[in-house]
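Biologist: I would like to go through this model with you. Could you take me through the fold, the helix packing and the ligand site?

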Amino acid sequence: MYGILLLLHLLGAMIWTGGHIILSVVILPKVLRDKSPEQLLAFESVFEKIGMPALIVQIVTGLLLAHRMLPDVSLWFDFTNPISHVIATKLTLLALTFGFALDARFRVIPALCKESLPVMAWHIIPVTVFSILFVVAGVSFRTGWLY
Ligand code: HEM
């Protein structure tokens, strides 16, 4: 069971983080150069179909893996425990990702136009950075970087 959870978690990480890196490094510069909200919306509508299920898989498997590591949930924010540092980092990144994603989805995207593309860029870039930090935090369960 542990192996399957970890495998699903890693597959989800590949899709979520990999997709955001492609969005930030390949799609976004072209969208800003061409001043083309249409290109961005076209990528978003395709990526949404695989990216959102991947994020849900991350959250479910991540919570189960965290529960397996530290079954007492009240200790997840007890910073005397090194594992809590990493779990709390992951949950904080999740809250930040939600904040930016909801603001983009309900405020920025419905009114997306050439002029608001930079605002959208300032949502995409932080969410990409958070997605990479999720991986750094994940790896640090083994390496102890955040302990
Ligand atoms: C998009 C979001 C996320 C990404 C990209 C991500 C990525 C990763 C990666 C790359 C690992 C390393 C696995 C290994 O060492 O083999 C990992 C481990 C882990 N992640 Fe996440 N993660 C995400 C969200 C979460 C969430 C929301 C939680 C819940 C607190 C979580 C909890 C864990 C745990 C407990 C491990 C350690 C698994 C183990 O080695 O037993 N993750 N994550």
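Predicted model: local features only at pLDDT ≥ 70, side-chain atom pairs only at ≥ 80, totals over all residues.

Biologist: How many helices and strands does the chain have?
Modeller: The chain has 4 helices and 0 strands, where helices (H or I, at least four residues) and strands (E, at least two) are DSSP runs numbered from the N terminus. The order from the N terminus is α-α-α-α. Along the principal axes, the C-alpha atoms fill a box of roughly 50 × 30 × 25 Å.

Biologist: At what angle do α1 and α4 pack?
Modeller: α1 and helix α4 (residues 117-143) pack at about 150 degrees, with their axes 10 Å apart. Axes are lines fitted to C-alpha atoms, for helices over the stretch in contact, and angles run from 0 to 180 degrees between N-to-C directions. α1 and α4 are therefore roughly antiparallel, a term for angles over 145 degrees.

Biologist: Which residues make that contact?
Modeller: Among them are W16, H20 and L28 of α1 and I124, T128 and R142 of α4; contact means heavy atoms within 4.5 Å. By class, the contact of α1 with α4 has 16 nonpolar, 5 polar and 1 charged residues. Ala, Val, Leu, Ile, Met, Phe, Trp, Tyr, Cys and Pro count as nonpolar, Asp, Glu, Lys and Arg as charged, and the others, Gly among them, as polar.

Biologist: And how far apart are the axes of α2 and α3?
Modeller: The axes of helix α2 (residues 37-69) and helix α3 (residues 82-108) are 12 Å apart, at an angle of about 155 degrees. α2 and α3 are therefore also roughly antiparallel to each other. Their contact includes I59 and L63 of α2 and L91 and F98 of α3, and by class it has 9 nonpolar, no polar and 2 charged residues.

Biologist: Changing topic, which residues are closest to the ligand?
Modeller: Y2, H9, Q58, K90 and R142 are the closest of the 22 residues that surround the ligand, counted with a heavy atom within 4 Å.

Biologist: What distances do H9, K90 and R142 show?
Modeller: An N or O atom in the side chain of H9 is 2.8 Å from a ligand nitrogen atom. A polar side-chain atom of K90 lies 2.5 Å from a nitrogen atom of the ligand, and one of R142 lies 2.5 Å from a ligand oxygen atom.

Biologist: Where is K35?
Modeller: K35 is in the loop between α1 (2-34) and α2. K35 has a positive phi of about 50 degrees although it is not a glycine.

Notes
Residues numbered from 1 in each chain as written. Heavy atoms only, no water. Parallel < 35°, antiparallel > 145°, perpendicular 65-115°, else oblique. Polar contact = N/O pair within 3.5 Å; in protein donor to acceptor, adjacent residues only side chain to side chain.
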